[in-house]
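The sequence and model are shown first.

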Amino acid sequence: MVFHHFFLQSALDGGQRPVKFKPASFCSLEKHQLNNSSNMADSLDQDNTGLGVHQAARLEKLKKIEALGLDPWGARFDDRTFVKPVREMAAQVKFRKEDGSEIELPDFDGAAEPIDYKAWKASQGAGEEIGPVVRVAGRIMLLRTAGKLYFLNIRDWTGDIQILLAKGQVSDADFDLAKLLDFGDLVGIDGRLGRTNTGELTVFATKLHFMTKTLEPPPEKHAGLQDAELRQRMRYVDLTYNVSSLQTFLNRTKIIHSIRATLAKHQFVEVEGPTLHTIAGGAAARPFTTHHNALDMKLFLRIALELHLKRLLVGGIERVYEMGRVYRNEGISPKHNPEFTMIELYWAYANYETMMDLTQQIIVEAIEATGQGYQLKWGDLDIDFTPPFQRRTYSDLFEEHTGLKVTDAEGIAQLARKLGLDTNGKHPDVIKSEVFEEKVEDSLIGPIFVTDYPASICPLTKRKAGNPDIAERFELFIHGMELANSYTELNDPILQEELFKTQLDGMAEEDSMAKMDTDFVRALRYGMPPAGGLGIGIDRLIMLLTNSRSIRDVVLFPLMRHES
RNA sequence: GAGAGCGUAGCUCAGUCGGUAGAGCAAAGGACUUUUAAUCCUUGGGUCGAGGGUUCAAGUCCCUCCGCUCUCACCA
């Protein structure tokens, strides 16, 4: 994925760590006690508050900030500019000569060799650097002193920038306040944009505004927070200190925004269906169960959006979608979180081919929204999203990968047994489907639309005209991962009722989509227009478009065990 | 659910054959007016995930448990 150039700090990793020799000391206690009484560690030891030394030191500074008459939790700070646009003002930093003429600075950012700015200025004769006055705010990521100077690098959600806070250039009160700054604190700065001697774009502070004290120490300042569990449990820390994490989640919102924009172009409307269902229909998955006390009613958290959206199609909302959370009480893996985000959409008077075009458009426009090209990396793998995506029929792929015709039930059963699959008492199409998953799906690099599935495993899908054994359905696969699922929707209430009643042999009820929903059938009896429907796993799409190998990297707060 | 790996300072990580627990960053005190992973001097930080066992001696070997990661299975 493409990172923005303005995260300068992130480009500084990978270097060698300096190794310093530190002789052990055997008489430290004595020396320590000789230190003056303002030694913070001494007073902290006596506090015996149970706080760690880092937390206690920060609390101490907080008290000192209060003692200065300042609010350590900050206040409204109007008219600030985000760091990214401030950095874009770099060209406004100029050198004004004695005669009043303004000249451009050397090209620091494009220079191959470091430029000696001090020497350059000296060579211009008398004059001074000028630059726009700016107001910024952010979190202190780096902090160093050089005599009576403080260099801070602050970060807001658009990038990082250096601040120079110098004695004599701010009030004495502000300079004293700077002593009480810690990594992680939030500050506001008024100052002038300029360049230091090394050419680093810097805000030369004229005023320091204390915004918020941070009472916990930040993670290691170069490596960031590495522990996968801590990154998920404390996403707030992860987002602050791992630039790529923030970038991924900001890209997530761009992708979701793009999907809504694409659908808006086709006049879709977004709705909100119930998440508490009396029947967990629309997909094959184990639901979470809950209970409504006043009605004394067992309820399920929804496992799909389908059946209520189709009811709205009956109601005349002709292009309708919902993007929202569904819940499945099943295993957790890098591709599975118990709650995840799906979009389902229904388009009256369309069919599954319309949906294929739309799916491709949604994905292509989402990639464009993230500012990437169509060739994406996904871990070690490559994905080529250049449209049009390949379209192949289920039966062709089946034959290609197994050498067997989809109609050869006996041969398929034999192959299934050879693969170690249990075929006893199973419907031939269930066996076929298992063989397909085993032999075909994992080899689908894609993006590839697999079309025309065996009808018997698709109880909500319209059958192909003239071929009742084939369902007008496609799934989109990328690197073996199912990303989208689409039908020409079944709108025949009589057939729908029949299919709800038909449990395929060898399929457990909880694994089946065939759950009788009499109200849904009644809705169909009032007339649902012929329609195409589509479902996309949003988290998985975001994984692919943000080069994330785990769903837990694209879900802000994935489900975790209780903290011990 | 099965298998493999991991768990050491606030964070990131070393720890050899079982023999006194290590580093960097962070923290505390100090120096430095253009640094930038600043640098330099000084100092303090550990129930080695928990419990048990073997041993003169366990971070290290064995057992049980807890947690995390990966792979496989179910699932999208």
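**Cavity lining and helix packing**

The largest cavity is lined by Val271, Gly273, Pro274, His277, Arg302, Ala304, Leu305, His308, Leu309, Leu312 and Glu322. A cavity is a set of points on a 1 Å grid, over the protein atoms alone, where a 1.4 Å probe fits but cannot get out, and lining residues have an atom within 4 Å of a point. The model is predicted: local features need pLDDT of at least 70, side-chain atom pairs count only at pLDDT 80 or more, and totals for chains, interfaces and linings use all residues. Residues are numbered from 1 along each chain as its sequence is written, and side-chain values use heavy atoms, with hydrogens and water left out.

**Cavity**

- The structure holds one cavity of 30 Å³ or more.
- The largest cavity has about 50 Å³ of space, a volume being the space filled by probe spheres set on the points.
- H10 gives the largest share of this lining, three residues; helices are DSSP runs (H or I, at least four residues) numbered from the N terminus.
- The lining divides into six nonpolar, three polar and two charged residues (Ala, Val, Leu, Ile, Met, Phe, Trp, Tyr, Cys and Pro count as nonpolar, Asp, Glu, Lys and Arg as charged, and the others, Gly among them, as polar).

**H10 and H16**

- Helix H10 (residues 306-314) packs with helix H16 (residues 518-525) at an angle of about 25°, the axes being 9 Å apart.
- H10 and H16 are therefore roughly parallel (angles under 35 degrees).
- Leu307, Lys310, Arg311 and Val314 of H10 meet Asp519, Phe520 and Ala523 of H16, contact meaning heavy atoms within 4.5 Å.
- The residues of this contact comprise four nonpolar, no polar and three charged.

Key
Chains lettered and ligands numbered in written order. Axes fitted to C-alpha atoms, helices over the stretch in contact; angles between N-to-C directions. Helix = DSSP H or I, 4+ residues; strand = E, 2+ residues; numbered from the N terminus. Parallel < 35°, antiparallel > 145°, perpendicular 65-115°, else oblique. 1 Å grid on protein atoms, 1.4 Å probe; cavity = no way out; pocket = protein on both sides within 12 Å on 5 of 7 lines; lining within 4 Å.
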